[in-house]
Each structure stands twice: as structure tokens, then as C-alpha cells.
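Here are some notes to read beside the model. Please keep the structure open while going through the points.

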Amino acid sequence: MNFLAHIYLSGDDTELRIGNFIADAVKGKKFLEFPDRIQQGIILHRKIDTYTDTHPIVRQSISRLFPKYRHYSGVIVDILYDHYLAANWQKYHATPLNKYVSLFYQDLETYHDILPKNIKRFYPYMIKDNWLLSYATVTGISTVLHNMNHRTKNKSKMNFAVIELEEYYDEFQKEFESFFKELIHYSNSEIQKL
């Protein structure tokens, strides 16, 4: 899953959300350097990633993209799934998406001092361009895919994946909805164990 899903799956716990958000920037046992609840958010993120990467529905979505995008297919599916979450946000949360992401951006400012360096580098751009809200539109996802392709020095060709998004929009959406229902249940269960 990508940023929005990880934040959402942390529930209403701010420190759990921050940990879940920064987890990709925290390698190995470095997570032990953070406050307890943020550590738990990092652990939750890792569990969500493992669950997602091995799930048969996600594998099905990836297989649709694999012939063209190879090992980048999983990253693309993560981004596409965030699109479906954002585009159908009202099904998942009572707070409107624009308000929800605005509150999360405020949380990032509050926890600025403990954010890893590379998060500190990119999150001002994330806020300025309102990445999380932009996920709700195909145009916004197209921009994200373009930027990701640029980060891979144009090797991934991810910028073209919007073609498959539009061509298989309904199929990806059905897969997302089926999988996300299971992922919410899994995440809630893991949060109870923390």
C-alpha cells in the first residue's frame, strides 16, 4: 500500500500514523530509536506490507501489469490502490478527504523534529502539491506515476501505467475493494496486538 492507505490503516492514533508513514525511511533496527508508539507504527507498516505483498488479490492486480512493468508492477499497484481509496474516501471515513489530509499534514509539522532526514526533505513538497488529495483523480495519479518514473531515471516507464489504469479501471477497483476489506480487518487485528 502507499501513503494514504498506511495512514488510514493506523486509525485515529497520531503517533501510530506517523510511524506508519515514516516506516520506509527507517531501516532495520533503527526503529528502536523512536518513541514506543511510533515504533509500533513502523512495525504495523512492515506487517501491512508483508500481508499486501503476499495476498492473492494483489498478486492478481500485479500480474495484469507485470508483462510491461516487471518488478515495478507492485509499486504501481500500491499507487493505484491509493487512488481507489482516495476516490471512494466517503465509503471509508466520515471526515472529508481534504480535511483529513490537512490534519495529517499538521501532524507532520508537529512531529517534524523526529522525522527521518529523507522524509524531512520530501514532505514539504508533499504538502505544497497536496499529494494525498491528488490521489483521488486519474490526473493526480498520472502525475505521481510520472514523478516515480523520473525517480527511476525513466527505467520503470511507470508514467505509462495510467493507460492500464484507465483500460482496466473497473477490474482494479473490484480487486482493491475486495482486498482492502480484508486488509482493514487484518490491520485492526494487528493494532490490538501492539
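1. Start with Asp107. Beyond residues up to four places away in sequence, Asp107 touches Thr14, Arg17 and Ile18. Asp107 itself belongs to helix H6, residues 97-110. Is Asp107 buried or exposed? Asp107 counts as buried, because its relative accessibility is 16% and the cut-off for buried is under 20%. Bear in mind that this is a predicted model.

2. Next, look at helix H2 (residues 14-22) and helix H3 (residues 36-53). Their axes come within 7 Å and cross at roughly 50 degrees. H2 is therefore oblique to H3. The crossing of these two helices is right-handed.

3. Which residues make the contact of H2 with H3? H2 supplies Glu15, Leu16, Ile18, Gly19, Asn20 and Ile22. They meet Arg37, Ile38, Gln40, Gly41, Ile42, Leu44, His45 and Ile48 in H3. By class, this H2 and H3 contact holds seven nonpolar, five polar and two charged residues.

4. H3 also packs with helix H11 (residues 169-193). Here the angle is about 145 degrees, and the axes are 11 Å apart. This crossing, too, is right-handed. From H3 come Arg37, Leu44, Lys47, Ile48, Tyr51 and Thr52. From H11 come Phe179, Glu182, Leu183, Tyr186, Ser187, Glu190 and Ile191. The residues of the H3 and H11 contact divide into seven nonpolar, two polar and four charged.

5. Now the interior. In soluble globular proteins, nonpolar side chains tend to be buried together. The largest nonpolar core in this model has 61 residues. Which residues have the most contacts inside it? They are Met1, Leu4, Ile22, Leu85, Leu132 and Phe180. Helix H5 (residues 73-87) gives the largest share of this core, eight residues.

6. Take Leu132 as one of those core residues. Leave aside its neighbours within four places in sequence. Leu132 is then in contact with Phe3, Leu4, Ile7, Ala86, Leu97, Val101, Phe104, Tyr105 and Met126.

7. Finish with Ser134, in helix H8 (residues 131-134). Not counting residues up to four places away in sequence, Ser134 touches Gly140, Ile141 and Val144. Ser134 and Val144 are ten residues apart in sequence. From C-alpha to C-alpha, Ser134 and Val144 are 8.7 Å apart in space.

Terms used. Residues numbered from 1 in each chain as written. Predicted model: local features only at pLDDT ≥ 70, side-chain atom pairs only at ≥ 80, totals over all residues. Heavy atoms only, no water. Axes fitted to C-alpha atoms, helices over the stretch in contact; angles between N-to-C directions. Helix = DSSP H or I, 4+ residues; strand = E, 2+ residues; numbered from the N terminus. Parallel < 35°, antiparallel > 145°, perpendicular 65-115°, else oblique. Left-handed = near helix turned anticlockwise from the far one by under 90°. Contact = heavy atoms within 4.5 Å. Nonpolar A, V, L, I, M, F, W, Y, C, P; charged D, E, K, R; others polar. Core = buried A, V, L, I, M, F, W, Y, C linked by side-chain atoms within 4.5 Å. Buried < 20%, exposed > 50% of the residue type's maximum accessible area, 1.4 Å probe, protein only.
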